[in-house]
Amino acid sequence: MKIPTLQEINAEIERRKYKRSKLYRLENLYQIVDKSNQAIIFKMNAEQKDIYNKTWDESDIMINSPKILKSRQIGVSTLFVLCYLDDALNNPNLNVYIQSHKDDSIEKIFRIVRFAYDHLPDNCRPSLKDRKSVV
């Protein structure tokens, strides 16, 4: 029996953390582009945390569909598209769609999702080769 190295043990611990918690994945796995055009790991701001805590339970199940008044610059769209991307990547046979009344809005949202997907670690990014549609 092969004894695992410390590096292998640490990699397995991280993999299990990712597998176990949506909140952990959101704040440690997904990258976004910040206002100064820098790639950063997504970290929820106070408003996003409040919305997340009112929407998902500890088991990562959506328990509430919040009513959010039109708001700009607090990251509501970013939070939800990353949550939905996470759901699609971690739940087999789940389809997710985003709807908007303006083409430029949906294109901006799509860029957030595409950037987050493209910048996932290789071992966390499933192949899209066999899919009929692309993220």
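Colleague: What percentage of the residues of the chain count as buried?

Modeller: Happy to start there, with the reminder that this is a predicted model. A residue counts as buried when its relative accessible area is under 20%. Applied to the 135 residues of the chain, that gives a buried share of 26%.

Colleague: In what order do the elements of the chain run from the N terminus?

Modeller: The secondary structure consists of five helices and two strands. Among them are strand S1 (31–33) and strand S2 (39–41), with a loop between them, and helix H4 (76–90) and helix H5 (103–118), also with a loop between them. Read from the N terminus, the order is α-α-β-β-α-α-α.

Colleague: What share of the contacts with a separation of 6 or more comes from residues 24 or more positions apart?

Modeller: Here a contact means heavy atoms within 4.5 Å. Among contacts in the chain with a separation of 6 or more, the share from residues 24 or more positions apart is 48%.

Colleague: How far apart do the centres of the positive and negative side chains lie?

Modeller: Lys and Arg count as positive, Asp and Glu as negative. The chain has 23 positive and 18 negative side chains. The distance between the centres of the two sets is 1 Å.

Colleague: Is Asn-37 buried or exposed?

Modeller: Asn-37 sits in the loop between S1 and S2, and its phi is positive, near 65°, in a residue other than glycine. Its relative accessible area is 63%. The cut-off for that class is over 50%, so Asn-37 is exposed.

Colleague: What about Asn-93, buried or exposed?

Modeller: Asn-93 lies in the loop between H4 and H5, and it has a positive phi of about 65° although it is not a glycine. Because its relative accessibility is 80%, Asn-93 counts as exposed.

Colleague: Which element gives the most to the lining of the largest pocket?

Modeller: The largest pocket has a volume of about 1,500 Å³. Its lining has 40 residues, and those nearest its centre are Gly-75, Val-76, Ser-77, Thr-78 and Ile-109. S1, H4 and H5 each supply at least two lining residues. With seven residues, the element that gives the most is H5.

Conventions: Residues are numbered from 1 along each chain as its sequence is written. This is a predicted model: local features need pLDDT of at least 70, side-chain atom pairs count only at pLDDT 80 or more; totals for chains, interfaces and linings use all residues. Side-chain values use heavy atoms; hydrogens and water are left out. Helices (H or I, at least four residues) and strands (E, at least two) are DSSP runs, numbered from the N terminus. Buried means under 20% relative accessible area, exposed over 50%, partly exposed in between (1.4 Å probe, protein chains only). The place of a charge is taken as NZ of Lys, CZ of Arg, CG of Asp or CD of Glu. On a 1 Å grid over the protein atoms alone, a cavity is a set of points where a 1.4 Å probe fits but cannot get out, and a pocket is an open set with protein on both sides within 12 Å along at least five of seven lines; lining residues have an atom within 4 Å of a point. Grid points are joined across faces, edges and corners, and a volume is the space filled by probe spheres set on the points.
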